[in-house]
Amino acid sequence: MRVVSLVPSLTEAIAVSLPGVVVGATDWCSHPPDLDVTRVGGTKNPKLDPILALAPDLVIANEEENREPDLTALREAGVEVLVTEVRDVPQAFEELARVLDACGAPSRPRWLDEAEQVWAQLPEPERRITAVVPIWRRPWMVLGRDTFAGDVLSRLGVDHAYATHAERYPRVSLDELRSTAPDLVVLPDEPYRFTADDGPEAFTGLPRALVGGRHLTWYGPSLGEAPRVLGAALRAARR
């Protein structure tokens with residue numbers, strides 16, 4: 001089986017579970033750290049000729065991360081494309097199992113069972129807090145309705161302010177974000193790379209948590225440690 005993955009978190013899931021199966025991945029596929037495969041461009045602008053040159057049996061994509069015209073072009077070139085949809089934690093586990101099965105996994109990997117158990121046994125939060133969760137600036141964009149990251153935070157006791165917005169990733173002015181007066185501002189390092197020097201200064205006076213996007217937005221092996229790592233960062237920001 002030869003697989004090209006256009007989804008960083010799924011690249012990691014396949015590579016960890018089925019070494020040698022992934023032959024191509026995007027420039028953003030940073031895990032496993034020692035992944036040595038052909039790079040085929042970005043998630044939004046994959047290079048179709050290098051993908052086709054790899055003669056993949058399957059291309060793994062996601063309806064949110066990848067563009068339909070690129071996937072259509074691959075199908076028209078005769079390549080099988082599996083497109084995932086992940087809007088919450090349970091769906092992430094379902095799609096991971098489907099992807100690994102399609103890639104030839106003889107059974108569910110241990111990490112997947114263990115991660116699913118971690119989330120199933122997560123205790124009910126003692127209290128709930130509100131947050132705004134920017135995912136971009138210039139312009140400012142935040143988590144809106146029906147997102148995987150929003151569901152992750154909700155299960156950790158964090159209700160984000162735009163969870164019922166009509167858009168999934170609405171553009172919101174900085175003044176409006178500040179005016180919501182959240183208990184916390186959550187700043188991930190992807191897709192926009194918020195850092196200690198880029199982001200927190202816009203929300204002076206509010207508790208701010210810098211978190212890893214791999215734990216907030218990726219669905220793969222990192223799911224097993226995400227509740228612990230994210231929970232610690234969220235608590236630390238409010239001390």
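Biologist: How should I read a salt bridge in this structure, and how many does a search of the whole structure find?

Modeller: The search of the whole structure finds 17 salt bridges, a salt bridge being a side-chain nitrogen of Lys or Arg within 4 Å of a carboxyl oxygen of Asp or Glu. Side chains of opposite charge can pair when their charged atoms come close. This is a predicted model, in which local features need pLDDT of at least 70 and side-chain atom pairs count only at pLDDT 80 or more, while totals for chains, interfaces and linings use all residues. Residues are numbered from 1 along each chain as its sequence is written, and side-chain values use heavy atoms, with hydrogens and water left out.

Biologist: With which residue does Glu12 form a salt bridge?

Modeller: Glu12 pairs with Arg214, the closest N and O atoms being 2.7 Å apart. The two residues belong to distant parts of the chain, with Glu12 in helix H1 (residues 8–17) and Arg214 in helix H8 (residues 213–216), 202 residues apart. Helices (H or I, at least four residues) and strands (E, at least two) are DSSP runs, numbered from the N terminus.

Biologist: Is Glu12 buried or exposed?

Modeller: Buried means under 20% relative accessible area, exposed over 50%, and partly exposed in between, with a 1.4 Å probe and protein chains only. Glu12 has a relative accessible area of 5%, so it is buried.

Biologist: Which parts does the salt bridge of Arg87 and Glu63 tie together?

Modeller: The side chains of Arg87 and Glu63 meet at 3.3 Å, N to O. Arg87 lies in the loop between strand S5 (81–84) and helix H4 (89–102), and Glu63 in the loop between strand S4 (58–62) and helix H3 (68–76), so the pair ties together parts 24 residues apart in sequence. Arg87 is buried at a relative accessible area of 17%, whereas Glu63 is partly exposed at 29%.

Biologist: How do I read a sheet, and what is the order of the five strands in the open sheet?

Modeller: Two strands pair if DSSP finds at least two bridges between them. Here the order is S3-S2-S1-S4-S5, with parallel pairing. Strand S3 (38–39) and S5 each have a single partner strand, so one side of each is left without a neighbour in the sheet. S4 and S5 are joined by four bridges, and Asn62 has Thr84 in S5 as its bridge partner.

Biologist: Which strands of the sheet does H4 touch, and how is its direction described?

Modeller: Contact means heavy atoms within 4.5 Å; axes are lines fitted to C-alpha atoms, for helices over the stretch in contact, and angles run from 0 to 180 degrees between N-to-C directions. H3 lies across S4 and S5 at about 155° to S5. H4 packs on the sheet as well, touching S4 and S5, and its direction makes about 170° with that of S5.

Biologist: Which residues of H4 are buried, and what covers them?

Modeller: Among the buried residues of H4 are Val89, Phe93, Leu96 and Val99. The cover of the buried residues includes H1, S4, S5, helix H5 (110–120) and helix H6 (148–155).

Biologist: Where do the edge strands of the four-stranded sheet stand in its order?

Modeller: That open sheet has the order S9-S6-S10-S11 with parallel pairing, and its edge strands are strand S9 (158–160) and strand S11 (208–211), each pairing on one side only. Strand S10 (residues 184–188) pairs with S11 over four bridges, and Val186 stands opposite Ala209 in S11.
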